Amino acid sequence: MSAARLEAFLAKIYVDEDSRERFLADPRGEAAKA
Amino acid sequence: MTEIAKAWKNPIRDRVGLGWRRELAVGILSHLDRIDVVEVIADDLFDAPRGERRALRALAAQTTVMLHGVSLGLASSVPVKTKLLEKTARLCEEVNPEYWSEHLAFVRGGGVEIGHLTAPPRTDATIEGAASNLERARAVVGSAPLVENIATLIDPPGSKYDEIDWINRIIDSAPCDLLLDLHNLHANATNFGYDETETLKRLPAERIAAVHLAGGKWVEALGERRLLDDHLHDVPDAVYLLLTEIAAAVPHPLTVILERDGAYPPIEVLLGQLDRSREALAEGRLRQFEQIEKEAA
């Protein structure tokens with residue numbers, strides 16, 4: 001994942017509760033999907 | 001105590017001040033004899049009416065004013081918005097602050113505005129991005145900002161470096177010194193279980209130009225108890241102890257700013273915290289003197 005995409009992914013999980021919960025439940029799976 | 005030690009203990013070289021907030025304006029303006037410097041949030045004034053900017057210029061004529069930014073998002077692989085840098089430049093031109101400062105944070109990504117200061121992944125990409133953003137900031141504004149460490153409730157995913165390593169790499173590759181937020185350092189050390197005094201020693205003392213003090217509270221976050229840096233509470237003892245450590249190590253004068261963003265107590269309470277900061281500085285300065293004397297003996 002590029003640095004810019006990683007930051008975009010993090011920005012999304014910081015502001016969106018659903019995304020954050022999905023990430024916390026399955027960090028690797030959600031990161032792979034990003 | 002020798003006469004020289006007494007003189008050294010006098011922290012007159014260090015300056016102590018308050019963050020400007022509208023609610024504190026009367027208290028600040030009527031106690032400028034006890035407040036050496038005032039720090040103003042730059043972003044609040046970017047699009048402020050002319051009258052408010054004139055008031056800021058009037059304040060700058062009476063006391064030393066510093067500008068503090070919160071929205072650039074310097075610590076990112078994505079370039080900082082030119083428009084924000086230009087607004088910062090205009091304000092600096094108007095106010096002529098002794099320095100301006102910003103956070104080592106990222107605040108937007110992929111078109112999403114996060115709305116607060118967040119820790120980016122501590123990687124080579126964000127180090128290079130921060131260095132490049134800082135160089136652009138210097139070019140557009142005319143001077144590089146002091147850069148401030150932030151508090152975080154989570155260890156940023158995808159990181160390669162720990163926080164201090166990451167900060168040191170950025171200031172090694174960029175033309176800027178540190179605004180060290182001691183409550184942020186205290187909160188991160190508390191939340192992630194490391195020794196804050198030892199951590200302080202890993203930062204280059206000669207690059208610490210200014211200090212922020214604040215308070216916070218305990219919260220539940222992600223199922224764990226975390227110390228939140230909320231700027232709504234008094235400065236805890238641990239932070240004054242860190243200030244003494246800094247004063248014992250830093251060889252040049254420091255500027256110390258107390259930040260309070262709400263739940264405002266009477267101004268006397270905040271002035272009392274400034275007095276306590278001066279005492280903490282004096283204690284550290286004396287230690288530094290004793291060390292120099294010991295080495296010279």
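Visitor: Is B:Leu180 buried or exposed?

Guide: This is a predicted model. In it, B:Leu180 counts as buried because its relative accessibility is 1%, and buried means under 20%.

Visitor: Where is B:Leu180 found?

Guide: B:Leu180 is found in strand 8 of chain B. That strand covers residues 178-181.

Visitor: Which way do the side chains of that strand point?

Guide: B:Leu178 and B:Leu180 point one way from strand 8 of chain B, while B:Leu179 and B:Asp181 point the other way. All of these residues are buried. In a regular strand, side chains alternate between the two faces of the sheet.

Visitor: What is B:Leu180 in contact with, leaving aside neighbours within four places in sequence?

Guide: With those neighbours left aside, B:Leu180 is in contact with B:Asn149, B:Leu185, B:Leu200, B:Leu203, B:Ile208, B:Ala210, B:Val211, B:His212 and B:Ile246.

Visitor: And how many Å apart are B:Leu180 and B:Gly27?

Guide: Their C-alpha atoms are 26 Å apart in space, and the two residues are 153 residues apart in sequence.

Visitor: In what sense do strand 7 and strand 8 of chain B pair, parallel or antiparallel?

Guide: Strand 7 of chain B, residues 146-148, pairs with strand 8 of chain B in the parallel sense, over two bridges. Within this pairing, B:Val147 stands opposite B:Leu178.

Visitor: Let me move on to B:Asn188. Which helix does it lie in, and what does it touch beyond four places in sequence?

Guide: B:Asn188 lies in helix 7 of chain B, which covers residues 182-192. Not counting residues up to four places away in sequence, B:Asn188 touches B:Ile150, B:Ala151, B:Thr152, B:Glu163, B:Gly193 and B:Tyr194.

Visitor: Why does B:Asn188 count as buried?

Guide: B:Asn188 counts as buried because its relative accessibility is 1%.

Visitor: And B:Thr199, buried or exposed?

Guide: B:Thr199 counts as buried, at 5% relative accessibility. Its place is in helix 8 of chain B, residues 196-201. B:Thr199 touches B:Ile164, B:Leu185 and B:Tyr194, not counting residues up to four places away in sequence.

Visitor: Now salt bridges. How many does a search of the whole structure find?

Guide: The search finds 22 salt bridges over all chains. One of the pairs is B:Arg285 with B:Asp14, whose closest N and O atoms are 2.7 Å apart. This pair links distant parts of the chain, 271 residues apart: B:Arg285 is in helix 10 of chain B (residues 267-296), and B:Asp14 is in the loop between helix 1 and strand 1 of chain B.

Visitor: Are B:Arg285 and B:Asp14 buried or exposed?

Guide: B:Arg285 is buried, with a relative accessible area of 1%. B:Asp14 counts as buried too, at 3% relative accessibility.

Visitor: Which residue forms a salt bridge with B:Asp155?

Guide: B:Asp155 forms a salt bridge with B:Arg122, the closest N and O atoms being 3.2 Å apart. B:Asp155 is in the loop between strand 7 and helix 6 of chain B, and B:Arg122 is in the loop between strand 6 and helix 5 of chain B, 33 residues apart. B:Arg122 counts as buried, at 6% relative accessibility.

Visitor: What about B:Glu245 and B:Arg287?

Guide: The side chains of B:Glu245 and B:Arg287 meet in a salt bridge, at 3.1 Å from N to O. B:Glu245 lies in helix 9 of chain B and B:Arg287 in helix 10 of chain B, 42 residues apart. B:Glu245 is partly exposed at a relative accessible area of 24%, and B:Arg287 is partly exposed at 36%.

Visitor: How many residues are in contact between chain B and chain A, and what area is buried?

Guide: 18 residues of chain B are in contact with eleven residues of chain A. The area buried between the chains is about 1200 Å², and carbon and sulfur atoms give 78% of it.

Terms used: Residues are numbered from 1 along each chain as its sequence is written. Chains are lettered from A and ligands numbered from 1 in the order in which they are written. This is a predicted model: local features need pLDDT of at least 70, side-chain atom pairs count only at pLDDT 80 or more; totals for chains, interfaces and linings use all residues. Side-chain values use heavy atoms; hydrogens and water are left out. Contact means heavy atoms within 4.5 Å. Buried area is the accessible area (1.4 Å probe) that two parts lose on being put together, summed over both. Buried means under 20% relative accessible area, exposed over 50%, partly exposed in between (1.4 Å probe, protein chains only). Two strands pair if DSSP finds at least two bridges between them. A salt bridge is a side-chain nitrogen of Lys or Arg within 4 Å of a carboxyl oxygen of Asp or Glu.
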